[in-house]
Amino acid sequence: MKARLQVTVAQRSEAGVKPRNEDSLAIHIPTDNLLESKGVVVAIADGVSAAEAGREAAEIAVKGFVSDFYSTPDSWSVKQSAHKVLIALNRWLFGRGQGYLEAEKGYVTTFSSVILKSCSAYLFHVGDSRIYRRRDGVLEQLTRDHVARINADQQYLARALGIDVNLDVDFRVLDLQVGDLFLLTTDGVHGVLDYRQINQLLTSSATLDAAADQLIASALAAGSDDNLSCQLVRVDALGETTDVDVLQSLNRLPFPPELAPGMKLDGWQVIEVLHASARSQLYRVQHEQTGESAVMKTPSRNFIDDAAYIDRFIREEWVARRIDSPHVVKRVEPPAPRTFLYYLLEHIDGPTLASLIARKQPLDIARVVQIADRLAQGLRAFHRRETLHQDLKPDNVVMRGDDPVIIDFGSVHVAGVDEIATGFDRETPLGTLDYSAPEYRLQRSRTPAADQFSLALVLYELLTGQHPFGAAYARATCLRDFTNLSYVPAYRHNPLVPLWMDGALRRALQVNADLRYPSLSEFVHDLKHPNPLYLTADQRPLLEREPLRAWQLISALLLLGNLILAFLLLSG
Amino acid sequence: MGSIGIKLLDVANPAIRTLHFAWLAFFITFVMWFGLGPLAAFIKAEFALTEPQWKALLMLNVALTIPARILIGMLVDKFGPRAIYAGLLVVSGIICIAFAWSQTYTQLAISRFLLGFVGAGFVIGIRLVSEWFPARNVGLAEGIYGGWGNFGSAAAAALLPMLAAAFAPAVGWRIALTIAGVISILYAFVFFHFVRNTPKGSTYFKPKKSGGLEVSNWKDLWLYLLLNIPLHLALLVLVWRLAPGNLNLLPQLWANVAYVAIVLLAVYQFRKILQLNLPRLRAGVPANQQYKFKQVAILSLSYFASFGSEIAVVSMLPIFFMDTFGLTPVQAGLSTAGFVVANLVARPAGGWMSDRIGRRLALCIQLGGLSVGYALMSFIDASWPLWVALAITIINSLFVQAGCGGVYAVIPLIKRSMTGQVAGMAGAYGNVGGVIFLTVLSFVHASTFFMIIAVCSAVVFVAVMFLDEPEGHMVEVLPDGTVQLIEVK
């Protein structure tokens with residue numbers, strides 16, 4: 001039996017004299033092998049009172065942190081996982097706060113967390129909540145308050161989640177000893193109680209629960225005017241002394257060899273090779289014991305020492321864990337630790353949209369609208385996580401019955417995470433030439449509108465079997481090429497497509513991302529309901545519809561005018 | 001590993017189709033490039049060329065290939081293999097026809113020099129094939145591409161003299177080369193029409209910069225710079241050999257222009273290498289990204305001896321056989337074809353050998369074999385029975401081509417992410433070998449020429465002893481199919 005980390009915990013939170021409790025806290029002690037790979041998470045957040053959405057911000061921070069942290073790949077270190085999760089959360093909060101006029105009044109919260117794993121404690125801290133450690137009777141404050149003092153009475157929070165796009169988090173690693181007691185508090189508690197008082201309370205209380213009650217009661221008695229929260233964690237036994245972080249660092253897991261049907265890897269038997277490309281292989285596998293079916297994705301040997309590729313491969317799995325939608329393929333949790341680098345996805349037995357298109361029978365309009373609706377839901381699940389799919393194409397959508405499911409995370413872009421500096425150049429996926437939005441090749445900023453463009457392309461192809469801009473699209477490289485593209489209305493290929501539906505597609509297929517729909521839901525709405533703007537085919541001026549013809553016409557008229565004048569002049 | 005081979009007849013599979021189009025393109029470039037040697041008798045007769053003039057043509061044929069590889073590599077990055085291969089076929093087809101209808105020695109020399117460009121076609125196909133095949137069979141696919149395309153030099157040796165002989169003696173060789181050029185131009189359009197850069201619907205990643213190699217420490221940087229010197233030195237030697245005071249085929253002014261251009265090219269290359277490596281080395285290279293540059297140097301030298309000697313020998317062998325044994329051009333062509341025909345199997349076999357008996361041992365055997373082979377060839381004279389001379393030549397060629405295959409089997413194992421650059425370096429050294437050996441030939445007789453190659457190969461043989469056997473994880477498949485990891489020390 002391996003030694004396992006054991007802890008005793010207690011936590012309390014009260015609104016105190018305030019009407020609402022804007023603190024949020026959580027402790028998660030996994031019971032399965034996540035305890036070894038990820039550890040115990042203790043997190044506390046204090047929504048900033050000046051912020052109107054403080055309560056919500058604190059809750060998003062704590063709940064989001066706990067759930068996302070455990071979703072990070074096993075191969076990521078605690079530091080890497082927590083950092084990436086915090087950066088993504090910060091983006092999310094900051095983005096929501098932008099809805100308010102002043103960012104300071106948006107979704108802002110302090111955040112402090114202790115992660116206990118095997119023999120180490122990892123501290124992450126931003127804001128003015130505190131983490132203390134009591135060892136051998138001595139209480140020590142481990143964090144520094146991030147406040148800017150204006151004068152004796154006034155001080156402001158200098159750093160917090162959701163204040164700015166950039167996030168600066170304090171990070172520390174400490175060795176654990178049996179008997180270490182960690183205390184996390186918000187300013188409602190440590191604002192009125194000093195070291196001596198806190199230490200005395202901790203010493204005199206028989207149990208952690210009693211100590212937590214005592215802390216809250218004493219702070220209230222001392223006149224605290226804020227929400228009061230505290231968390232206590234005592235280490236009762238240490239985990240195995242191997243440094244799991246180091247063992248599981250990025251490049252430790254070896255690449256699996258080329259697999260053939262019949263081979264077994266970690267209990268998964270290969271049934272068939274689904275796909276092999278220069279970048280990766282997909283196998284359909286079945287588990288020997290459970291009989292569960294799954295798809296195994298393995299990295300291509302071509303990249304065996306390519307740090308950027310491995311980083312991206314590992315991130316794919318992380319993204320798969322974070323996205324939760326019935327219209328996005330789900331990741332399968334491996335029942336046993338992996339000995340090779342790969343990940344598992346659910347197996348969907350159905351045709352891809354590409355094979356539907358290849359049948360050369362345009363799909364029923366109602367069915368396309370239904371597919372559009374569901375794909376948009378799937379894409380929104382990505383966008384909610386500040387993630388762009390970037391590679392939506394008919395090959396990447398599989399039909400589960402009537403339900404389209406988005407597969408493949410090979411090209412996703414996660415805001416925040418992709419900007420973290422690394423020792424290598426990150427790979428830049430440009431999507432698939434035929435389906436990626438123009439901004440990829442024009443080196444412009446990528447927004448969810450890029451996924452909207454790809455979705456519209458896929459729908460157009462479902463309706464007509466053709467590409468709206470023809471073969472010239474894949475060859476376009478500069479702005480000039482893109483503006484010279486000519487859009488062929490969908491009803492030219494398939495007379496059953498209504499005018500207004502083509503209008504909606506045309507708008508989503510604008511080269512300039514700003515001219516597309518501001519959101520996917522508006523696009524889908526216009527696909528379902530005739531937009532009066534697009535009811536007639538020729539509402540646009542001639543100059544816009546047929547620029548060449550228009551200028552030819554103008555020139556011809558001018559020439560005619562000149563000829564008449566010349567004639568008059570000469571004859572007169 | 002990987003039980004899945006390549007079904008060559010499955011032309012419905014776009015990857016297989018692409019492979020066939022690619023090796024055929026490579027094949028055609030080689031027919032044009034190596035069409036010179038087999039037609040030697042006709043051309044020498046028509047222009048009444050002196051021996052030095054003829055040997056200068058052979059040198060010119062391979063000179064431009066060295067810088068062309070760099071240029072073609074950059075163009076492929078920018079425009080993709082499809083357009084560049086088609087363009088190369090058209091341009092070299094035109095130059096080939098221009099060569100065929102040259103009226104003066106100067107025209108011959110200039111068009112041959114320009115045709116050296118066609119030798120860079122190899123690189124384009126390597127890139128194309130790697131886009132189309134997954135890791136499990138890309139090695140085999142590249143082997144087929146390289147081996148079958150190389151077979152073009154055998155086809156040139158066997159077919160061109162026959163074609164030439166079929167027409168009137170004065171214009172026969174011209175018509176033969178014109179046909180090759182026209183086929184190249186026509187094929188360019190076929191190639192452009194049917195071939196795509198990447199499989200349809202595959203995700204497109206911005207290509208990595210194919211500039212210089214990234215080295216791991218300061219010592220390796222010096223070694224890398226050192227290894228780059230011969231690339232330019234070979235060109236300088238060539239110009240010097242052609243300049244006044246020597247063969248006197250190049251006016252002093254042009255020689256000076258060439259010197260300056262080569263030096264500028266060298267400065268540019270060195271600057272790029274330093275720009276890439278200095279910041280990296282100052283920051284320190286992470287342990288997991290380090291590799292030994294020594295390996296690259298040894299492989300480059302091995303390719304110098306194997307492929308370098310091959311392209312030099314193929315150019316001179318027909319004339320050698322004609323002069324020594326009094327063969328007709330057609331017979332000499334067929335004998336030369338014997339030297340290259342083994343490519344079909346010998347090159348892939350060299351790779352296979354490397355997989356089986358270990359990288360270093362395989363290379364040792366291959367280089368040892370070819371140095372002994374060339375040493376024996378240096379003793380060939382008119383008193384030998386023709387069949388013995390032919391047998392020695394063909395057996396030697398097996399080692400030469402197996403050596404080429406052996407080198408390319410190790411290249412991906414040095415550092416996978418830099419396979420392209422390492423292959424480029426070794427490939428350039430193959431061309432340097434061609435230039436150097438042909439320059440040597442312009443000074444000496446064939447027997448001394450063979451002996452010098454033998455000695456060079458023996459030196460490289462010693463260098464190969466210092467090659468480290470690539471290490472790594474190995475996996476083992478148990479009888480029940482379970483894949484297991486075993487650590488190889």
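## The open sheet of chain A

In this predicted model, five strands of chain A form an open sheet in the order β1-β12-β11-β6-β7, with antiparallel pairing; strands here are DSSP runs of E with at least two residues, numbered from the N terminus, as are helices, which are runs of H or I with at least four residues, and two strands pair if DSSP finds at least two bridges between them. Because β1 (6-14) and β7 of chain A stand at the edges with a single partner strand each, one side of each is left without a neighbour in the sheet. Neighbouring strands are turned by 15° against each other on average, direction ignored, where axes are lines fitted to C-alpha atoms, for helices over the stretch in contact, and angles run from 0 to 180 degrees between N-to-C directions.

Residues are numbered from 1 along each chain as its sequence is written, and chains are lettered from A and ligands numbered from 1 in the order in which they are written. Local features need pLDDT of at least 70 and side-chain atom pairs count only at pLDDT 80 or more, whereas totals for chains, interfaces and linings use all residues.

## Strand partners

Strand β6 (residues 130-135) of chain A is joined by five bridges to the antiparallel strand β11 (residues 181-185) of chain A, and Arg130(A) stands opposite Thr185(A) in β11(A). With β7 (residues 138-141) of chain A, β6(A) pairs in the antiparallel sense over four bridges, Arg133(A) standing opposite Glu140(A). The two strands β6(A) and β7(A) form a hairpin with two residues between them, and Asp136(A) in the turn has a positive phi of about 50°.

Five bridges also join β11(A) to β12 (residues 228-237) of chain A, again running antiparallel, and here Leu181(A) stands opposite Arg234(A).

## Helices on the sheet

Helix α5 (residues 195-204) of chain A lies across β6, β7 and β11 of chain A and runs at about 130° to β7(A). Helix α6 (residues 208-221) of chain A packs on the sheet, touching β1 and β12 of chain A, and its direction makes about 25° with that of β1(A).

## A helix pair in chain B

In chain B, helix α13 (residues 329-341) and helix α16 (residues 386-414) pack at an angle of about 30°, with their axes 7 Å apart. The contact (C-beta atoms, placed from the backbone, within 7 Å) involves residues including Phe339(B) of α13(B) and Leu390(B) of α16(B).

## Confidence

Chain B averages a pLDDT of 85, and 93% of the residues score at least 70, pLDDT being the predictor's confidence in each residue, from 0 to 100. The model scores ipTM 0.71 and pTM 0.69.

Technical notes. Contact = placed C-beta atoms within 7 Å.
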